[in-house]
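Please look over the sequence and the structure before reading on.

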Amino acid sequence: MKKITMSVLATSALLWGMGCSSTNTDTANTNSPTETVAAADSATAASTDMATGATTTQPLDSTSFPIMAASSDMFEILSSNEAQKKAVHPEVKKFAEQMIADHTKTSTELKSIAGSKSILLPATPLPMHQRMLAPLSTKSGKDFDEAYMKAQELAHRLTVALFETAARNETDPELKAFAQKNLPALKMHLEHAKKTEELVD
């Protein structure tokens, strides 16, 4: 199972990296918002296909970094709201509280940047994040704590990879600065997730 998880992680990081190599906000971009989100998700969806091991080399749309970052924030907030209601371990509840506060802050900042560049962010998480959220609704007690923390570790590994690539390669100065500024906190979240997961295993 560990090998499968790491394979999913590697594929996702690669696909997200491809999408962060450049950001073009030129009005000549004719992709509709729906097409933009669909293009981004068509690539990331392959990373979760553990049954077939399918992958894709389809490039992501040029606005994929803010779209995926926004979806990641939504996943963090929604899953952590669920944890506030269902978690039983006090450290899991504490972790969830921090995730809600930190990712609400980054979400607000990203919406402001996107609005100034006419980038339409998704109103709901991308299907990849929706698939990560779905199992949490059926869990309770210690099983929920374990599932939530495993999802948090994986989600933060993916998000760190996304932000690392954007911090290096993003061509839009404001988005690049956003990635660089928030990357250290995301790395701290990942380490916190690992430690908290060990407590509930």
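A polar contact is a pair of N or O atoms within 3.5 Å; within protein, one must be able to donate a hydrogen and the other to accept it, and residues adjacent in sequence count only if both atoms are side-chain atoms. The model is predicted: local features need pLDDT of at least 70, side-chain atom pairs count only at pLDDT 80 or more, and totals for chains, interfaces and linings use all residues. Residues are numbered from 1 along each chain as its sequence is written, and side-chain values use heavy atoms, with hydrogens and water left out.

**Lys117 and Glu174**
- Lys117 lies in the loop between α4 and α5 (127–133); helices (H or I, at least four residues) and strands (E, at least two) are DSSP runs, numbered from the N terminus.
- The side chains of Lys117 and Glu174 are joined by a polar contact of 3.3 Å.
- In sequence the two are 57 residues apart, and their C-alpha atoms are 10.0 Å apart in space.

**Helices α3 and α4**
- Helix α3 (residues 64–86) and helix α4 (residues 90–116) have axes that come within 8 Å and cross at roughly 150 degrees; axes are lines fitted to C-alpha atoms, for helices over the stretch in contact, and angles run from 0 to 180 degrees between N-to-C directions.
- The angle therefore makes α3 roughly antiparallel to α4 (angles under 35 degrees count as roughly parallel, over 145 as roughly antiparallel, 65 to 115 as roughly perpendicular and the rest as oblique).
- Residues of the contact between α3 and α4 include Pro66, Ile77 and Lys85 of α3, and Lys93, Ile100 and Leu110 of α4 (contact means heavy atoms within 4.5 Å).

**Helices α4 and α7**
- The axes of α4 and helix α7 (residues 173–200) are 11 Å apart, at an angle of about 165 degrees.
- That angle makes α4 roughly antiparallel to α7.
- Among the residues that meet are Phe95, Met99 and His103 in α4, and Glu174, Leu186 and His189 in α7.

**His156**
- His156 belongs to helix α6 (residues 141–169).
- His156 counts as buried because its relative accessibility is 0% (buried means under 20% relative accessible area, exposed over 50%, partly exposed in between, with a 1.4 Å probe and protein chains only).
- Apart from neighbours within four places in sequence, His156 is in contact with Glu76, Phe95, Met99, His103, Leu186, His189 and Leu190.
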